Amino acid sequence: MHQTSPGVERAVAGARDRAEQAGAGAVRLGHYVLALLEEDEGRPAVLLEHIGVSVPAVRGALRAGETPVAPDVAVLFNAARAWSIAHRHDPEFLTDAFLIAVLRASDAFRASCAALGFTPERLESVLIKSESRAAEPVSEVTVFAITEPTAEVDAARVLDASFNRAREAARVLEDYARFVLDDRFLTQEVKELRHGLAAAAQKLPPRVLVASRETLRDVGTTATAASEYERASPAHVAVVNLKRLQESLRSLEEFGKVFGPDLGRTLEALRYRAYTLERALTIGAGSRERLATARLYVLLTRAQCVASLDWTLREAARGGADVFQLREKGMPDRELLPLARDVRAWTREAGVLFIVNDRPDIARLCDADGVHLGQDDITVKDARRVLGPDPLIGVSTHSVEQVRQAVLDGADYIGIGPTFPSKTKAFDRFPGLDFVRAATAETALPTFALGGIGARNIAEVIAAGARRVAVSAAISTADDPERAAQVLKAALTHSPL
Ligand SMILES: Cc1ncc(COP(=O)(O)OP(=O)(O)O)c(N)n1
Ligand SMILES: Cc1nc(C(=O)O)sc1CCOP(=O)(O)O
Ligand SMILES: [Mg+2]
């Protein structure tokens, strides 16, 4: 029974997958090297880069050409183990020893790798601090030796394990954002955080990081709790991995300080970024659930309604409107709060959602379902202080940058507009249908296109990607708000969400 590191196990499995995908029948030596180089920050990749070999170039060459069939994996394991015992007095071998064994398995393969700039001897020269080398001046090369116990190496072991844990958690979150939320922006955000981790790892002297890479000696790798196997849903997987990411980042930050304030600060910034992502990833899922079937959102201003506000609301709700916003711009608070309480009662009766425009305080006092905030209103963060974690918070946006910021701020839904000139509010600029296209492609949060939308142009808005709209005049000035809502709702429900 061979004792290998998780990295070697991953490489063996990866080589088999590659052979299978290529329909190669047998695992080839190139498959092993490609699998060993899979992780950019893995030991073999760091080693090659250290001796000036371009990892992408090696990958490209190995993918392009056929390499010799590999011997049985047990033969390679024997060779790697012998190398590890000889040079490290340790039968537990790591990915670098395995790479050397693979290179030595065939003269032809060794020659083709030499042409790419690396040989087993060259790798050994960096890994082994031999007797003859001890006389040479100390260079970066010599300190790759694994056996030197220093405080830096101890700290780097923690960093190495934490970097790996953080990267793995980030990878899971990236998959969640991409395949579960189907959210382009959040996928990109998680990817950038992952790259930020790789860049932070580069700030460590490579000698220290590589010298510390002894995952198989980490007693924690075998300790598992029963809860490790319990995940109720993809959202639960995301929550667990967000925690894992934050814990790893905290550990990285603390031990990173051993290498100076610079690394500590970089890691602290990454930890805050992870908190921001937590808000965006977890809020996104919850609010999408509450707004899952909401398609038609109506902004009501009492003075703008051709009939009474409560009649307009009830009729529109009968026609299929799902959300109502009370938008009273200049009404005195003494009038606004009782009106908001009335609207709360009417919307409850109608079984629809109720949002207050601009005013989290009024929203809270009348027990609304949420508040809507524009770019000049108070921030999402401050509104949360007033409302607590549950009520919905919507944010108006007029550019893709504002959409991204709203997602990171923790908005539950987004207003995107103005699409067309509006009778309700005057605008100087119209981001229009291009913005509808860009915003709906950018985020998976519920987005409501608005501004001058009505029965005559809703098809264009839907064609641009909108699946939800918010309207005001189209309902409040309609003689038959029920029919007006029905027409808009029918057009929307034609296109699946
Ligand atoms: C759903 C929705 N989207 C956008 C707005 C506009 O909000 P804001 O930019 O704050 O402008 P005012 O409506 O407050 O004048 C909205 N109210 N609702
Ligand atoms: C209040 C408001 N905000 C907009 C934005 O784009 O932010 S558009 C808009 C007016 C929406 O009313 P109507 O449907 O009557 O044009
Ligand atoms: Mg506002």
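Which pocket is the space taken by ligand 1? The space that ligand 1 takes is the second largest pocket. Before I go on: this is a predicted model.

I'll start with the pocket itself. The second largest pocket has a volume of about 880 Å³. Its lining is made up of 44 residues, and L299, S422, F427, L450 and G451 are the ones that lie nearest its centre. Several elements give two or more residues to that lining: the strands β1 (296–300), β5 (392–397), β6 (413–416), β7 (447–450) and β8 (469–471), and the helices α22 (473–476) and α23 (481–493). The largest share comes from β6, with 4 residues. By class, the lining of the second largest pocket divides into 19 nonpolar, 17 polar and 8 charged residues.

Now ligand 1. It has 14 residues around it, and the closest are R327, K329, G374, S396 and K425. With K329, a polar side-chain atom lies 2.6 Å from the ligand oxygen. With K425, the distance to an N or O atom in the side chain is 2.8 Å. With N357, again to an N or O atom of the side chain, it is 3.0 Å. Taken alone, ligand 1 exposes 420 Å², and the protein buries 90% of that. The shell around ligand 1 has 3 nonpolar, 6 polar and 5 charged residues.

An N or O atom in the side chain of S422 is 2.7 Å from an oxygen atom of ligand 2. Two further contacts go to the backbone. A polar backbone atom of S472 is 2.9 Å from an oxygen atom of ligand 2, and for a polar backbone atom of P418 the distance to a ligand 2 oxygen is 3.0 Å. On its own, ligand 2 has 420 Å² of accessible area, and the protein covers 94% of it.

To recap the contacts: for ligand 1, I listed the side chains of K329, N357 and K425. For ligand 2, I listed the side chain of S422 and the backbone of P418 and S472.

Key. Residues numbered from 1 in each chain as written. Chains lettered and ligands numbered in written order. Predicted model: local features only at pLDDT ≥ 70, side-chain atom pairs only at ≥ 80, totals over all residues. Heavy atoms only, no water. Polar contact = N/O pair within 3.5 Å; in protein donor to acceptor, adjacent residues only side chain to side chain. Areas by Shrake-Rupley, 256 points an atom, 1.4 Å probe, with all protein chains shown as cover. 1 Å grid on protein atoms, 1.4 Å probe; cavity = no way out; pocket = protein on both sides within 12 Å on 5 of 7 lines; lining within 4 Å. Points joined across faces, edges and corners; volume = space filled by probe spheres on them. Nonpolar A, V, L, I, M, F, W, Y, C, P; charged D, E, K, R; others polar. Near = heavy atom within 4 Å. Sits in = over half its atoms within 2 Å of the grid points.
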